[in-house]
Amino acid sequence: MRTITVNTLSEEAFAKYGSFMNLLDNEAMKKKSIFSSGFFADLISLDFSDGTLPTISVCDVHKKEKNIVDFLEAHTSTCEGLLPLDGDVVIFAGIPNQPFSAEDLEAFYVPAGTFIKLNPLIVHGTQYPVSEGEVHVVCMLPGRTFHNDMVSYRLTEEEQAVVVME
C-alpha cells in the first residue's frame, strides 16, 4: 500500500490543484478584498457550470485508526470548495490519470477556517480529521454535482493508499 505523507499547505505546493485562503486571517483577507474591514468581499471565485445554482453541503468526517484512500472522484467542469469549520483536516488531491490512481496523490494539512478551492478535474476524496473525533466540512458545489458532473472510482485493496502525518 502506498504511503502519502501530509504536506504543509503552501501556495507553491497547492497551486496545481487550486487555491486556498484562511478565512480567519483578517490581514490576509484585507489584501484580497476591496474593503479593509468588516466585510471581505469576493475573496475566491468558484467556476460553477452554467444554469446550476451553487449549493452548500456538509461533510461530517470522523477520525479513523488509519486514513485509507479507497475512493477517488473528480468533477469534469466545476470547481469544489471545502471549508473545515470545527477542526483541522487533511485533504488529498492529484492529477487525473486514466484509470484513476493513488500514485500521484499529495496530502495537505488544512487548518480550520481555511477555504480550499479545487479546480475542475482535480482528483480528491474524503477529508480526515487531524485530532478531533469529528469535523464538519462545508462543501460548495453546483446543485446535484454528485449526480451530473462527477467521475469516481473505488480503489481495490491493492490500489489503496494510506495518508500519514510525520
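**Strand pairing and pockets**

Biologist: Which residue of S12 is the bridge partner of Asp60?
Modeller: The partner of Asp60 is His136. This is a predicted model, where local features need pLDDT of at least 70 and side-chain atom pairs pLDDT 80 or more, while totals for chains, interfaces and linings use all residues. Residues are numbered from 1 along each chain as its sequence is written, and side-chain values use heavy atoms, without hydrogens and water.

Biologist: How many bridges do S3 and S12 pair over?
Modeller: Nine, in the antiparallel sense. Pairing takes at least two DSSP bridges, and a strand is a DSSP run of E with at least two residues, numbered from the N terminus.

Biologist: What order do the strands take in the sheet?
Modeller: The order is S2-S9-S6-S12-S3, an open sheet of five strands with antiparallel pairing. S2 and S3 are the edge strands, each pairing on one side only.

Biologist: Changing topic, how much space lies in the largest pocket?
Modeller: About 480 Å³, the space filled by probe spheres on the grid points. A pocket is an open set of points on a 1 Å grid where a 1.4 Å probe fits, with protein on both sides within 12 Å along at least five of seven lines; lining residues have an atom within 4 Å of a point.

Technical notes. Helix = DSSP H or I, 4+ residues; strand = E, 2+ residues; numbered from the N terminus.
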